Structures are given as structure tokens and as C-alpha cells.
Amino acid sequence: MGQERFGSFGLATPPARKAIPADEAIALLKRGEAKAGSLLAYGNGRSYGDSCQNDAGMVVDMRPLNRIRSFNAETGVLEADAGTLLCDIIAYAAPYGFFPAVVPGTQFVTLGGAIANDVHGKNHHRRGTFGCHVEALTLLRSDGRTYRCSQTDNVALFGATIGGMGLTGLILSASIKLMRVPSLDITEKATRFRDLREFFDLAEAADQANEYAVAWIDQLAGGHGRGRGLLFTGNHAEHGSHAAANAGSRLSVPVQPPFNVLNRPFLTAFNAAYRWKKGKSAVPRQAGYQGFFFPLDGVRDWNRLYGPRGLFQHQSVVPEVNARRIVPALLEAARRAGQGSFLTVLKRFGDVRSPALLSFPRPGFTLTLDFPNRGERTLRLLAQLDRTTVEAGGAVNPYKDARMGPETFAASFPHWQRLEALRDPAFLSSFWARTAKRLEIGQGRAEAAE
């Protein structure tokens with residue numbers, strides 16, 4: 001199986017060296033012959049770092065397991081194989097008037113990947129995470145047994161698997177409850193804000209009045225324009241299309257350029273044009289769902305624009321009480337480091353609890369930044385952003401990460417040991433090896449020294 005098919009979306013980490021088809025992995029697990037740390041499920045490679053890689057073993061290609069098994073048009077409960085793409089679920093359910101209750105920023109994620117990362121969307125304040133809408137899942141572990149997990153069956157495994165980054169076993173299938181919508185189209189409104197203070201004043205009311213809310217920040221703007229941006233709000237249109245659009249894209253980046261195309265002059269011009277085009281009218285307009293939820297899906301392989309060294313994405317969440325101080329500090333740190341972010345997104349998380357044992361979203365504000373990989377200078381900036389985040393009582397997103405240290409992970413997820421206790425011994429990721437396993441080794445050394 002070709003290596004090029006099993007990389008991470010950030011392109012800053014090497015692709016998987018070994019891969020195995022899902023049917024071979026299933027047979028291996030059922031026979032109880034999987035070796036320790038040898039496996040990790042691989043969905044569609046939309047994670048930005050190494051949480052979808054297993055440098056010590058091999059990844060399991062789940063994409064051939066892509067069958068939609070059943071759908072109840074009355075309740076909206078859909079059961080599908082773990083390798084089924086979100087775009088296919090949308091297309092299947094749309095004619096019946098249903099849409100996933102939570103969608104991330106791309107429709108090209110698998111059902112298993114959405115569960116394993118407990119992804120979130122633009123409506124966390126109302127619907128919580130993807131895991132909040134999982135009815136049940138089927139999990140195959142290295143003891144050869146298949147477990148049905150839900151809120152009532154194998155409850156501990158259910159909570160550990162949602163947000164468990166593929167470490168509890170192989171998710172074979174899942175049932176999820178979709179949301180009934182009047183149409184797929186979105187009535188969208190763009191509201192300009194002059195600075196972050198104005199955004200924070202608008203944010204709570206925007207959440208209360210709308211199903212979806214997210215802000216774009218002009219990260220490079222300085223002086224009087226510092227912190228300016230656009231607040232996008234949306235709701236499903238009462239009269240719109242019930243047909244899913246073609247998930248393919250006519251635009252693509254066919255080859256990787258030898259340098260980073262998304263440099264500072266380009267970003268400055270892009271931000272000015274984007275702010276003018278999107279913010280020129282405050283009148284609500286009806287838009288297609290793909291443009292609202294998945295704008296970057298419109299250009300296939302757009303991550304190649306960052307050049308051969310790839311990109312790092314940093315997503316943080318900080319408590320609401322600290323957000324007005326910390327979010328500007330994070331943006332200022334990037335400006336001072338001379339690092340421009342192509343995608344700078346700010347949104348508010350609500351207090352809807354996930355069933356996940358480890359879940360990134362929590363009440364507060366989350367900021368997402370993309371940086372081209374410029375080596376050590378970029379790593380220093382990311383470490384600074386980590387420190388600022390955790391000192392404010394926040395967390396850094398693991399499935400967007402390719403380099404956080406064990407201490408940052410432990411501060412972000414103090415209950416990580418509960419997942420380690422439920423981790424299937426045959427499953428391991430490069431992320432877990434460089435964070436949790438190092439913490440475990442460090443604790444062992446400390447205990448031995450006592």
C-alpha cells in the first residue's frame with residue numbers, strides 16, 4: 001500500500017511507513033495475534049499532526065469499510081461503517097430532511113475519525129461535540145472480542161473511545177442521531193467588528209440567536225485595525241435545497257510548490273480582499289451549506305500551498321473569564337514572531353458536556369491559527385502559545401497537534417491516565433508515544449527514586 005496515501009494533513013510529519021488493509025487487521029485482531037503497539041486506525045488523513053500516525057507499528061486503512069447500513073427516516077438515526085465519509089452521510093440523509101448535528105471544517109472525514117477525535121463545529125454552544133450524538137458503536141479489541149458500546153453497554157469503553165484518538169481498539173461501525181433541518185441551505189449573516197473587544201461583546205448574543213456562529217480574524221492587521229474581523233452567524237434556511245451538492249472539487253493544487261506560497265504579502269492582500277468581499281453587506285443571504293461549513297474543501301489539496309515543509313495548526317481553548325486577556329495575547333505573540341496565519345478562527349464553546357473521557361471542547365473561547373513550518377522559529381512560537389494557554393487554565397487540541405510536549409498535554413488533559421488504563425495494548429499512535437507514554441516513563445522514574 002502506497003505511503004503517500006497515509007500522511008497527515010499538516011504535511012509536517014512523515015507519512016506512515018507501513019499500512020495494512022482493514023480486513024487483514026480485523027482478522028489479526030479476531031485471532032488475538034496483534035502485537036503490542038502495532039496498530040492504529042487511519043481514516044482519511046484530515047488530522048493535522050501525528051495522532052493518525054503510528055511510527056512504531058502500522059496504520060489500518062479504514063476507508064474500504066464505507067457502507068451505510070441503515071437509516072430511520074422518522075428518528076434520524078443512521079448506522080454506518082467507520083470508514084464512511086461525512087459527505088456521503090450528508091448526501092444520503094439530505095433528501096429525508098436530516099443533517100449531521102455537528103460537522104467539523106471538512107466533510108472529508110470518516111465517521112470513525114469524527115468519533116475518535118470527538119470533533120466539534122460552529123454550533124458547540126447548542127449541540128456540543130460529535131460524540132454527543134453517537135447512539136452506539138461497535139469496537140473490536142485485541143482480545144478478539146467485539147464490544148457494543150453505548151450509554152448503557154460497556155459505558156467506560158464508550159466514553160474512552162469517543163475522543164480516544166483510536167487507542168481503545170478498532171471502531172467497526174456506529175449509530176448516530178442526525179438533526180432534522182428545514183433545508184441544507186444556510187441563511188448567513190456577516191457582521192464586521194472593529195476589534196476583539198467588540199467581538200466579545202457580540203459573541204454571547206450571537207450564540208443565543210443562532211444555530212451557528214464563528215469569527216474570522218484579520219491576524220496581520222495592526223494599529224487601529226488590530227483584532228478586526230467578521231462574525232459569521234447562520235441558521236438552516238426555511239426554504240432551500242434538500243439535495244446535497246457534489247462533494248468533489250473542480251479546483252485543486254495538483255503539485256506541491258517548492259516554497260511556501262502563503263507568505264506575508266499574499267496573506268495581507270488576501271485578508272484585505274476577504275474582509276471587503278465577505279463584509280461588504282450586513283444583510284442576511286442564503287448560501288449553500290458547503291460554502292458555509294466547508295469553504296476550504298473547495299480547493300483539493302490546498303495544504304500543498306504551504307510548500308514541502310508543511311504547516312502547523314495550533315488550536316487552543318481558554319476559559320471565558322480569561323479570554324479577553326489571553327486571545328489578544330496569543331495573536332500578539334504571533335505578530336511579534338513575524339508569523340502570519342492563513343486561517344485564523346475564533347468561536348465560543350458552550351457548556352454541553354460530551355460523553356467522552358477526553359474531549360478538547362470545554363466552556364470558553366477557542367482560537368485556531370495556521371503557520372507555515374519555518375523550523376525552530378515556528379516551534380518556539382508554538383511553545384509560547386502552549387505556555388500562555390495552559391497558564392490561563394486552557395488546553396491545546398491534540399488532534400491538531402504535531403509537536404506539543406508531554407507537560408502541555410498533561411496540563412490540557414489531567415485525566416489522561418484514565419484513557420491509558422483503557423487503551424488497547426495493541427493500539428498506539430505517534431502522538432500518544434511522545435506525550436502520554438513519556439509522562440508514564442517519567443512517573444515510573446520518579447517512583448523508583450522515592
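This is a predicted model: local features need pLDDT of at least 70, side-chain atom pairs count only at pLDDT 80 or more; totals for chains, interfaces and linings use all residues.
At what angle do the axes of helix α9 and helix α10 cross?

**View 1. Contact of helix α9 with helix α10.** The axes of α9 (residues 320-336) and α10 (residues 376-391) cross at roughly 170° and come within 10 Å. Since angles over 145 degrees count as roughly antiparallel, the crossing makes α9 roughly antiparallel to α10. On the α9 side, I326, L330, A333 and A334 take part; they meet L381, Q384, L385, T388 and T389 of α10. Six residues of this contact are nonpolar and three are polar, with no charged residue.

**View 2. Buried and exposed residues of helix α1.** Within α1 (residues 22-30), the buried residues are A22, A25, I26, L28 and L29. These residues lie on the same side of α1 because they cover an arc of only 160° around the axis. In general, residues three or four places apart in an α-helix point the same way, because there are 3.6 residues a turn. The exposed residues D23 and K30 are carried on the face of α1 turned away from its buried side.

**View 3. Surroundings of helix α1.** G32, which follows α1, has a positive phi, near 70°.

**View 4. Hairpin of strands β4 and β5.** Strand β4 (residues 68-71) pairs with strand β5 (residues 77-81) in the antiparallel sense, over three bridges. F71 stands opposite L78 in β5. Five residues lie between the two strands of the hairpin, and G76 in the turn has a positive phi of about 80°.

Notes: Residues are numbered from 1 along each chain as its sequence is written. Side-chain values use heavy atoms; hydrogens and water are left out. Buried means under 20% relative accessible area, exposed over 50%, partly exposed in between (1.4 Å probe, protein chains only). Helices (H or I, at least four residues) and strands (E, at least two) are DSSP runs, numbered from the N terminus. The arc is that of the directions from the helix axis to the C-beta atoms. Contact means heavy atoms within 4.5 Å. Two strands pair if DSSP finds at least two bridges between them. Axes are lines fitted to C-alpha atoms, for helices over the stretch in contact, and angles run from 0 to 180 degrees between N-to-C directions. Angles under 35 degrees count as roughly parallel, over 145 as roughly antiparallel, 65 to 115 as roughly perpendicular and the rest as oblique. Ala, Val, Leu, Ile, Met, Phe, Trp, Tyr, Cys and Pro count as nonpolar, Asp, Glu, Lys and Arg as charged, and the others, Gly among them, as polar.
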